[in-house]
Amino acid sequence: MIRTTVGGRAMKVIESKGVPYRELNREIRRLVAAGEDRLLLRGVNGQRYIGAGLKGMARLEIEGTAGNNLGAMMNGLSIYVHGNVQDGAGNTMSGGEIVVRGSAGDITGYAMRGGKILIQGNAGWRVGIHMKSREDQPAVLVIGGKAGDFLGEYMAGGTIVVLGLDTPLHQERESANPLIGNYLASGMHGGTIYIRGRIPAWQIRGQVQTGLTTPEESPPLWNWIEQFAAGLHLDCSGLFREIFTCLMPQGARPYAHLYDHSA
Amino acid sequence: MVCGVEEMAERRADDHQSYEGKIRIPSGCAVAGFINKTGERVNGRTIAEMMALMKERSNGLGAGYAAYGIYPDYRRAYAFHLILADHQTREEVEAILARNFRITEGHEIPVRRTGRNKKAPLLWRYFCDPLRLDRDSALDELLLATTMRINRLAPRASVMSCGQNLGVFKGVGDPEEIAEFYRIDQYHGYSWIGHGRFPTNTPGWWGGAHPFSLGEIAVVHNGELSSYGTNKSVLENFGYELSLRTDTEVMAYAIHHLRRQNMSWPMVAKVLAPPHWAELERMAEPERELAAALRRIYGGLLMNGPFSIIVAFQGGLMALNDRLKLRALVAGTSGTGLYLASEEAAIRQVCPRVEEVWPLPGGEALICCAEEESACHVA
């Protein structure tokens with residue numbers, strides 16, 4: 001087993017190139033169970049379920065493209081990806097964090113209920129679908145770039161933030177917000193979504209109430225942006241006076257009558 | 001090596017027994033493709049490697065490949081790739097071909113009959129020239145009618161492909177097995193598409209593996225078409241017979257039909273995955289009118305349900321997701337190559353220095369034509 005030193009700390013290295021996902025995950029589980037607290041996975045390309053179902057405080061660094069369902073159902077690990085992640089990162093995760101230097105695929109944060117996902121680049125379609133939130137460890141998903149259609153679909157709790165760091169916004173009235181696609185917040189009935197800029201009504205699908213705010217006016221938003229900046233070593237101070245649209249469900253049961261005779 | 005219908009049916013039952021229910025991998029099909037824009041021909045090993053990386057997405061009940069540019073010495077000939085139950089069926093098929101084509105060469109496709117594939121059906125190819133050729137459209141009709149006539153014999157016989165300089169290689173097995181079986185590394189093409197199947201609604205049999213091909217187009221598809229019945233009833237009015245028991249067949253025929261009307265590729269995509277009516281309302285006038293007309297006229301060829309497809313045609317590739325983007329499809333570029341795959345990792349596997357990778361949005365086609373189309377086209 002090779003050891004390397006990154007940032008003054010020893011890390012165990014797993015050469016992952018061409019290693020089948022079952023084997024790779026068995027090795028990760030074995031090392032984490034043996035008390036290793038820092039692992040570096042080199043040459044990852046598409047292996048799925050990395051870190052899935054794990055608990056504890058270990059830190060996993062990944063070089064390459066992480067496969068589907070990275071960190072699924074995990075509770076407590078800290079995963080840092082120097083690259084992109086494919087579909088379903090953080091699927092049903094309960095706690096811990098996933099930090100991605102690149103972009104993320106579809107259904108990122110699918111049904112997550114706790115912990116943090118920070119994406120420096122873009123995220124795909126149906127991000128944060130079925131997201132919930134624990135009382136003791138709230139779920140949050142921050143996207144540095146843009147997101148696709150159906151962001152926050154059926155969202156029941158937690159927070160989604162879309163920053164659009166490299167996208168200038170000079171929107172005309174009723175023109176599309178370029179940071180998101182269509183059908184925003186379809187079926188949303190809990191949680192909060194913050195999108196930088198204004199959003200025309202036609203881009204929103206759910207029965208939500210919208211309002212405008214800035215990080216300076218909204219301490220939770222400020223806090224999540226700070227955590228995003230710290231997690232990815234970025235300077236986001238230029239965002240604090242920017243206008244964000246805040247979306248929340250209308251009342252406790254926004255779709256109460258959708259399926260009954262009164263609809 | 002030679003077997004009858006019962007034996008073929010029995011074999012399919014075997015395949016089900018040994019796979020259905022025993023292997024459960026929660027995943028969808030895999031698609032991949034690439035094109036070299038300068039028309040340079042690439043070894044089939046590359047597509048096989050892309051498919052191998054995504055092996056968890058298929059369950060051994062179907063895989064296949066299609067390539068353009070593999071028969072430079074026969075580039076004017078129509079290459080019929082056939083799946084046949086036995087030599088008697090082969091004779092029947094030859095008689096059907098001989099009605100409208102002169103067979104210049106016919107032989108068994110070279111395969112490695114090992115392991116499970118010892119029991120594979122007869123796989124034969126014929127290079128043919130049309131007997132009577134008046135106009136281009138007449139040739140389209142000829143290929144269509146001949147393919148339909150042969151497919152009527154299914155499951156005893158089915159056409160894998162019949163285009164110029166095009167070949168489909170497919171069967172029951174994992175993508176790696178099928179690549180090995182057909183010795184894909186013996187072929188060089190300027191564009192390749194590949195498929196690993198995870199059948200959900202329809203049987204996994206040799207003729208039901210992807211790609212599906214007719215005339216100049218070949219399609220691989222991940223997803224399921226809930227509009228199959230509607231699409232089928234429309235296509236039947238235009239001489240198409242759906243005999244291969246797999247939903248993707250309608251996709252191939254719908255594209256073939258639209259191309260027969262001289263429709264451009266962007267328009268074909270707008271028929272298969274049209275904008276929603278709500279989007280039409282927000283469009284500016286000339287576009288809105290066109291989009292509305294397409295929906296009115298070709299509504300029956302709208303493909304409903306989740307899909308990501310890659311279409312190979314003479315000189316190019318088209319990739320398209322359903323408009324709600326219910327399946328994954330990623331594109332990447334590197335120099336003169338354009339790569340497409342269900343997973344980004346498959347692109348990086350064969351192209352570690354990929355310049356840019358991006359997901360394809362729902363309903364927006366990516367069309368890539370070779371720059372020197374003449375290099376790819378049959379003169």
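Predicted model: local features only at pLDDT ≥ 70, side-chain atom pairs only at ≥ 80, totals over all residues.
Residues are numbered from 1 along each chain as its sequence is written, and chains are lettered from A and ligands numbered from 1 in the order in which they are written.

Helices (H or I, at least four residues) and strands (E, at least two) are DSSP runs, numbered from the N terminus. Two strands pair if DSSP finds at least two bridges between them.

In S7(B), B:Ala157 is the bridge partner of B:Leu84. S4(B) also pairs with strand S6 (residues 122–130) of chain B, antiparallel over seven bridges, and there B:Ala79 stands opposite B:Phe127.

So is S4 buried or exposed? Seven of the seven residues of S4(B), 78–84, are buried (20 or more other C-beta atoms within 10 Å of the residue's own; exposed is 12 or fewer, partly exposed is in between, and C-beta atoms are placed from the backbone). One side carries B:Tyr78, B:Phe80, B:Leu82 and B:Leu84, the other B:Ala79, B:His81 and B:Ile83, and both faces are covered.

Next, helix H3, residues 87–100 of chain B. Its 14 residues reach 21 Å from first C-alpha to last, close to the 20 Å expected at 1.5 Å a residue (that is, 1.5 Å times one less than the number of residues). Which residues of H3(B) are buried? They are B:Thr89, B:Arg90, B:Val93 and B:Leu97. Down the axis of H3(B), these buried residues fall within an arc of 100°, so they line one face of the helix; the arc is that of the directions from the helix axis to the C-beta atoms. On the other side of H3(B), B:Gln88, B:Glu91, B:Ala95 and B:Arg99 are exposed.

Now the sheets. One open sheet of chain B has seven strands in the order S8-S3-S10-S1-S16-S15-S17, with antiparallel pairing. Its edge strands are S8 (166–171) and S17 (356–359), each pairing on one side only, and the twist averages 10° from one strand to the next. Axes here are lines fitted to C-alpha atoms, for helices over the stretch in contact, and angles run from 0 to 180 degrees between N-to-C directions. Within this sheet, S3 (residues 63–68) and S10 (residues 191–196) of chain B pair over six bridges, antiparallel, with B:Trp192 as the bridge partner of B:Ala67.

Another open sheet of chain B has five strands, S11-S12-S13-S14-S18, again with antiparallel pairing. S11 (212–214) and S18 (366–369) of chain B each have a single partner strand, so one side of each is left without a neighbour in the sheet. The twist there averages 15° from strand to strand. Helix H7 (residues 248–260) of chain B packs on this sheet, touching S11, S12 (217–223) and S13, with its direction at about 140° to that of S12(B). Helix H8 (residues 265–272) of chain B lies across S14 and S18, at about 25° to S14(B).

To zoom out: chain B comes to twelve helices and 18 strands, and 54% of its 379 residues are buried.

Finally, the interface: 15 residues of chain A are in contact with 14 of chain B (C-beta atoms, placed from the backbone, within 7 Å). Thanks, everyone!

Conventions:
Contact = placed C-beta atoms within 7 Å.
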